[in-house]
Amino acid sequence: MNRTGIAAIVLSAGFSSRMERFKPLLPLEEVTVLERVIRLYRSAGIENIFCIVGHRADELIPLVRKLEVHPIRNKAYTQGMFSSVLAGIDRLPPDINAFFLHPVDLPLVRRSTLGRLLGVFEKTPQTILYPLFCGKRGHPPLIPSWCISHIQNWNGEEGLRGFLFRHEASSVNVPVADRFIHKDIDTPEDYKGLTHDLKTYGYPDFEECSVLMTEILKVDDRIWNHCRAVSDIALGLGVALNWAGGQVNLHLIRSAGLLHDAAKSKTDHARAGAHLLRELGYPAVADVVGQHMDVHIGKDKPPCEAEIVYLADKLVQGDQRVNLEARFDRKAAKYGHDPDAREAITRRKADAVNIKGRIEEITGKPVSAILDAVSPPLHSDDLSSAAR
């Protein structure tokens with residue numbers, strides 16, 4: 001899709017009164033909130049970015065220009081957000097096909113969300129699109145250009161919300177695997193939570209993985225149930241290792257376990273799944289998923305996340321735990337007549353036994369005992385309490 005016809009309007013003119021600090025200039029790691037939002041659109045290939053400023057405009061305009069974004073001063077910003085929407089659409093180029101509308105206080109929206117919306121828009125270019133996560137709409141909507149004149153002539157009742165409600169018949173919800181379409185910064189507590197979320201931003205949580213697998217990729221239920229079982233077992237092993245002094249990343253293990261068969265229907269599905277996840281912005285998860293069929297053994301090192309997910313996958317048949325020896329014996333009986341397959345089965349079994357032995361040496365417990373002690377599924381728990 002030619003993205004020169006797509007614009008982004010970043011709404012950054014408000015008072016930030018509930019936040020008690022000026023939202024656009026709040027730091028998020030090495031950049032400000034405003035810079036993070038602008039980088040998001042640049043990363044999606046969108047260059048027509050307009051930033052609406054009002055409150056403390058003189059502080060924002062130099063930053064906006066430094067970022068090579070078009071600043072638009074909304075002199076009527078005290079009248080509310082709809083005045084900023086009008087200021088933005090009034091300055092859109094005439095050849096724009098659609099525009100994103102993005103309040104600056106939602107800085108962690110994922111690039112994959114923009115990609116999903118743009119992909120749907122390409123097929124339905126006259127439709128107002130809303131990102132949807134866990135049954136709830138969020139930001140940013142993607143609004144086609146035919147709406148511009150109608151918004152300009154809107155009577156202002158209930159602002160843009162009122163206009164969009166009037167045109168509900170022309171809208172479509174687009175499922176996205178992105179919890180951050182709902183996470184704005186209204187209060188200091190919100191900001192604290194968002195800075196905490198940044199630490200695990202590269203690892204989609206259980207709900208995000210669920211939406212990706214079941215609503216976007218639409219994998220078979222058997223595959224999703226298998227992935228959940230693998231994730232639970234991998235987390236059980238990871239927790240045991242960490243309690244024994246290890247430092248494995250439980251968030252990475254959970255995400256990779258849940259997504260390891262994301263491309264199960266594809267040839268060389270481990271490699272295909274890794275490519276998919278890398279494109280979605282999850283490089284660390286992609287690296288683990290890419291090794292779940294053939295893993296790089298660390299030998300004298302403690303088992304890493306990829307090895308843990310690899311072993312967990314071998315300990316699950318369907319959605320049930322299985323004995324490692326019995327699983328590989330069945331594989332050998334079924335495919336052992338093929339020399340290449342026999343060699344692969346032998347190698348994979350040896351790798352699984354190696355990982356299992358190293359876990360048992362570090363924890364001082366049989367893997368079977370570790371897993372017997374794993375209580376209810378860990379997929380939706382706060383993993384910080386399980387990590388040492």
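Which residue takes a positive phi just after H1, and about how many degrees is that phi?

Mentor: That's Gly45, with a positive phi of about 85 degrees just after H1. Before we go on: this is a predicted model, so its local features need pLDDT of at least 70 and side-chain atom pairs count only at pLDDT 80 or more, while totals for chains, interfaces and linings use all residues. Residues are numbered from 1 along each chain as its sequence is written, and side-chain values use heavy atoms, with hydrogens and water left out.

Let's start with the helix itself. H1 covers residues 33–43 (helices are DSSP runs of H or I with at least four residues, strands are E runs of at least two, and both are numbered from the N terminus). Eight of the eleven residues in H1 are buried (under 20% relative accessible area with a 1.4 Å probe, protein chains only; exposed is over 50%, partly exposed in between). Those eight are Val33, Leu34, Glu35, Arg36, Val37, Ile38, Leu40 and Tyr41.

Pick out Arg36 from that list. Arg36 lies over the face of Tyr201, 4.9 Å from the ring centre (for a charge over a ring, NZ of Lys or CZ of Arg must be within 6 Å of the ring centre and within 35 degrees of the ring normal). Now for the rings: the whole structure has five aromatic pairs (rings of Phe, Tyr and Trp, the last by its six-membered ring, with centres within 6.5 Å; planes under 30 degrees apart are stacked, over 60 edge-to-face, the rest tilted). Tyr201 and Phe180 form a tilted pair, at 5.2 Å centre to centre with 45 degrees between the planes. This pair links distant parts of the chain, 21 residues apart: Phe180 is in the loop between strand E10 and helix H7, and Tyr201 is in the loop between H7 and helix H8. Both Phe180 and Tyr201 are buried.

The largest core has 99 residues, and Leu34 and Tyr41 are among the members that touch the most others, as are Ile46 and Phe100. Helix H9 gives this core its largest share, eleven residues. Another core, of 25 residues including Leu11 and Ile52, lies apart from it.

What does Tyr41 touch? Leaving aside neighbours within four places in sequence, Tyr41 is in contact with Ala8, Ile46, Ile49, Phe100, His102, Leu114 and Pro140 (contact means heavy atoms within 4.5 Å).

Ala8 leads us to strand E1, where Ile6, Ala8, Val10 and Ser12 point one way and Ala7, Ile9 and Leu11 the other. Seven of the seven residues of E1 are buried, so the strand is largely enclosed by the rest of the structure. E1 runs parallel to E6, with six bridges joining the two (strands pair when DSSP finds at least two bridges between them). In E6, His102 is the bridge partner of Val10. E1 also runs parallel to E4, again through six bridges, and there Leu11 is partnered with Ile52.

To put this in context, the chain holds 16 helices and twelve strands, and 52% of its 388 residues count as buried.

Methods:
A nonpolar core is a set of buried Ala, Val, Leu, Ile, Met, Phe, Trp, Tyr and Cys residues joined through side-chain atoms within 4.5 Å.
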